[in-house]
Amino acid sequence: MRTGSTDEIRTYKGQHRALRAGRIGTVGLLLSVLAATAPLMVVAGVMPTTYAVMGITGQPLLFVILAVVMALFSVGYAEMSWHVHNAGAFYAYIARGLGGFAGAGASYVALAAYNALQVGIYGIFGFEASLLLHEYLGFQVSWWVPALLAVAVTGVLGALKIDLNARVLGVLLVIEVLLVIVVDLAFAADPGPAGLSLEAFDPATLTGAGLGTALCFTVAAFLGFEQAPSIPRRRAARRPWWPA
């Protein structure tokens, strides 16, 4: 949080360990946010699995609806960043509006949820890496070995500078997006006997017992959206968003 000077950020390790304003630029922040959404995992893993289990044909329409909701929410969320100068993400915003008790409760929920997600992702990575190593290199290794290696690499990167992490995430994000494009083009070129259809965007398809679960996984696909205003920055002269 900020105290005294508008440029001072207090941390429990002291001012010298604070995230310096301007350390990560707009491009780095954008890459970090987009990488957190894990586009390849969503397109090639989460959404096909959700459709296979839930059978909600209108899943793509859920993305359109949520994108509109997120766009509207982002207006107020970005506006709040002018009033909350703290890298504590949702905790700082909730504490400012609803009080410290509610903010602390939200932070513990986020801590449990994000760590549960992280543990699951390490497990998935270890399992898939083990299968790929065996299939393409003939090398047999237990799933937990690549999982622990991923934990170690993540820990090392986490201890380094945030701008380095942004570059690493940027490279991985570009590779992910290219792979998603290749997958999309492959399916579009050979869509099957039924051909291409816009039925998935028909509101009538949003029915069935699995709709709530499909909606939850669609919301999870926007993971990382909330971190954009959480990077401390040097406060500049504010300009109105409307034309002069």
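This is a predicted model: local features need pLDDT of at least 70, side-chain atom pairs count only at pLDDT 80 or more; totals for chains, interfaces and linings use all residues.
# An all-helix chain and its aromatic pairs

F222 is buried, with a relative accessible area of 18%. The word "buried" applies to F222 because its 18% falls under the 20% cut-off for relative accessible area.

F63 and F222 form one of them, a tilted pair with 6.1 Å from centre to centre and 35 degrees between the planes. This pair joins distant parts of the chain, since F63 sits in helix α3 while F222 belongs to the segment after α8 (211-220), 159 residues away. In general, the distance of the centres and the angle of the planes are what describe a pair of aromatic rings.

Another aromatic pair consists of F73 and Y77, and this one is stacked, with 5.2 Å centre to centre and 25 degrees between the planes. The label follows from the angle, because planes under 30 degrees apart count as stacked. Here both residues lie in helix α3, 4 residues apart, which is about one turn of the helix. Are F73 and Y77 buried or partly exposed? F73 is partly exposed, with a relative accessible area of 38%. Y77 is buried, at 4% relative accessibility. Ring pairs also bring in Y93, so that F73, Y77 and Y93 are linked into a cluster.

Now step back to the chain as a whole. It has 8 helices and 0 strands, so read from the N terminus the elements run α-α-α-α-α-α-α-α. Of the 244 residues in the chain, 22% are buried. The chain exposes about 16300 Å², and 72% of this area is supplied by carbon and sulfur atoms. Among contacts with a separation of 6 or more, 69% are between residues 24 or more positions apart.

An individual example of positions separated in sequence is I121 with A147. These two are 26 residues apart in sequence, and their C-alpha atoms are 8.9 Å apart in space. I121 is found in helix α5 (residues 100-137). It is partly exposed, with a relative accessible area of 35%.

The loops deserve a look as well. A38 lies in the loop between α1 (26-36) and α2 (39-54). Its phi is positive, about 50 degrees, although A38 is not a glycine. A38 is also buried, because its relative accessible area is 16%.

The last stop is a space between protein atoms. Rolling a probe the size of a water molecule over the atoms shows where empty space is left. The second largest pocket holds about 970 Å³ of space. It is lined by 23 residues, and those closest to its centre are V43, P48, P60, D184 and F187. Which helix gives the most to this lining? The answer is α2, with 6 residues. Helices α2, α3 (59-80) and α7 (162-189) each supply at least two residues of the lining. Sorted by class, the lining has 17 nonpolar, 4 polar and 2 charged residues.

Key: Residues are numbered from 1 along each chain as its sequence is written. Side-chain values use heavy atoms; hydrogens and water are left out. Buried means under 20% relative accessible area, exposed over 50%, partly exposed in between (1.4 Å probe, protein chains only). Contact means heavy atoms within 4.5 Å. Accessible areas come from the Shrake-Rupley method with a 1.4 Å probe; for residues, only the protein chains shown count as cover. On a 1 Å grid over the protein atoms alone, a cavity is a set of points where a 1.4 Å probe fits but cannot get out, and a pocket is an open set with protein on both sides within 12 Å along at least five of seven lines; lining residues have an atom within 4 Å of a point. Grid points are joined across faces, edges and corners, and a volume is the space filled by probe spheres set on the points. Ala, Val, Leu, Ile, Met, Phe, Trp, Tyr, Cys and Pro count as nonpolar, Asp, Glu, Lys and Arg as charged, and the others, Gly among them, as polar. Rings of Phe, Tyr and Trp (its six-membered ring) pair if their centres lie within 6.5 Å; planes under 30 degrees apart count as stacked, over 60 as edge-to-face and the rest as tilted.
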